[in-house]
Amino acid sequence: MNRRAFRFRLYPNAEQQQALTLQFGHARFAYNWSLATRKAHYAEHGKGLTYYDLKRRFTELKQTAAFAWLREADSQVLQAKVEDLDRTYTNFFAKRARYPRFKSRKRAQSIRYPQRFKFDGNRNRIYLPKVGWVKAVFHRPLAGTPKHVTVTKTKSGHYFVSIQCEQCEGE
């Protein structure tokens with residue numbers, strides 16, 4: 001099995017840009033909250049939190065009235081950010097990356113949809129949960145089975161979608 005990524009340009013309208021901005025902000029909060037929680041737990045107990053403990057705490061946080069606004073974002077995007085932090089720690093301890101830092105809205109922003117996305121290649125559009133059908137330019141065909149989609153907004157304000165596909169050796 002090989003994994004291959006395909007990157008295409010997105011052209012969201014004003015309403016979709018607003019929905020994506022909401023997703024980016026909530027995902028950034030999830031990452032920063034997870035990092036702060038993990039640091040505080042280590043400072044207090046001398047041991048780190050596992051991914052599942054952190055995910056459980058984040059789910060409990062979303063159920064509180066003060067953080068009910070987190071339900072506006074797609075739940076899988078938020079869980080993917082918690083998973084991203086866990087992967088960052090794994091890479092740090094394996095000496096493949098530096099220590100995780102808090103995310104800023106001034107840098108490039110990204111969110112990952114692990115499932116529930118759809119493609120309409122005939123009409124050049126992609127469906128993203130809680131955003132809708134977004135116009136895209138598919139300048140080449142996808143090879144393999146799509147596994148997840150990452151939406152990125154650059155500092156210059158351009159939107160891109162990266163689609164990771166899994167394909168067999170013979171394809």
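Is N124 buried, partly exposed or exposed, and what is its relative accessible area? In this predicted model, N124 is partly exposed, with a relative accessible area of 29%; buried denotes under 20% relative accessible area, exposed over 50%, and partly exposed the range in between, for a 1.4 Å probe and protein chains only. The model is predicted, so that local features require pLDDT of at least 70 and side-chain atom pairs count only at pLDDT 80 or more, whereas totals for chains, interfaces and linings use all residues. Residues are numbered from 1 along each chain as its sequence is written, and side-chain values use heavy atoms, with hydrogens and water left out.

The loop between β3 and β4 contains N124, whose phi is near 55 degrees, a positive value in a residue other than glycine. A second residue of this kind is K130, which is not a glycine and has a positive phi of about 65 degrees. K130 is located in the loop between β4 and β5 and is partly exposed, its relative accessible area being 46%. Most residues other than glycine have a negative phi.

The strands are considered next. Helices (H or I, at least four residues) and strands (E, at least two) are DSSP runs, numbered from the N terminus. An open sheet is formed by seven strands in the order β2-β6-β7-β1-β5-β4-β3, with antiparallel pairing; two strands are taken to pair if DSSP finds at least two bridges between them. The edges are β2 (109-113) and β3 (118-120), each of which pairs on one side only. On average, and with direction ignored, neighbouring strands of this sheet are turned by 35 degrees against each other. Strands of a sheet pair through backbone hydrogen bonds, either parallel or antiparallel.

Within the sheet, β6 (residues 145-153) and β7 (residues 159-167) pair in the antiparallel sense over eight bridges, and V151 stands opposite V161 in β7. The antiparallel pairing of β2 with β6 extends over five bridges; here I111 stands opposite V151 in β6. Four of the five residues of β2 are buried, so this strand is largely enclosed by the rest of the structure. Strand β6 also holds H148, which counts as buried at 19% relative accessibility. Residues up to four places away in sequence not being counted, H148 touches R112, Y113, P114, F117, S162, I163 and Q164, where contact means heavy atoms within 4.5 Å.

The helices were examined in pairs. Two packed helices are described by the angle between their axes and the distance between the axes. Axes are lines fitted to C-alpha atoms, for helices over the stretch in contact, and angles run from 0 to 180 degrees between N-to-C directions. The axes of α1 and helix α3 (residues 75-93) come within 9 Å and cross at roughly 40 degrees. Helices α1 and α3 are therefore oblique to each other; angles under 35 degrees count as roughly parallel, over 145 as roughly antiparallel, 65 to 115 as roughly perpendicular and the rest as oblique. The crossing of α1 and α3 is right-handed, a crossing being right-handed if the near helix is turned clockwise from the far one by less than a right angle, and left-handed if anticlockwise. Contributors from α1 are Q23, H26, A27, A30, Y31, S34, L35, R38 and K39, and those from α3 are V77, L78, K81, V82, D84, L85, D86, T88 and Y89. By class, this contact has nine nonpolar, four polar and five charged residues. Ala, Val, Leu, Ile, Met, Phe, Trp, Tyr, Cys and Pro count as nonpolar, Asp, Glu, Lys and Arg as charged, and the others, Gly among them, as polar.

For α1 and α2, the axes come within 11 Å and cross at roughly 120 degrees, which makes α1 oblique to α2. This crossing of α1 and α2 is right-handed. In the contact, F29, A30, W33, S34, T37, R38 and H41 of α1 meet L54, R57, F58 and L61 of α2, and the residues divide into six nonpolar, three polar and two charged.

The axes of helix α2 (residues 51-63) and α3 come within 10 Å and cross at roughly 145 degrees, and the crossing of α2 and α3 is right-handed. Their contact involves Y51, L54, K55, F58 and K62 of α2 together with S75, L78, Q79, V82, E83, L85 and D86 of α3. By class, the contact of α2 with α3 has six nonpolar, two polar and four charged residues.
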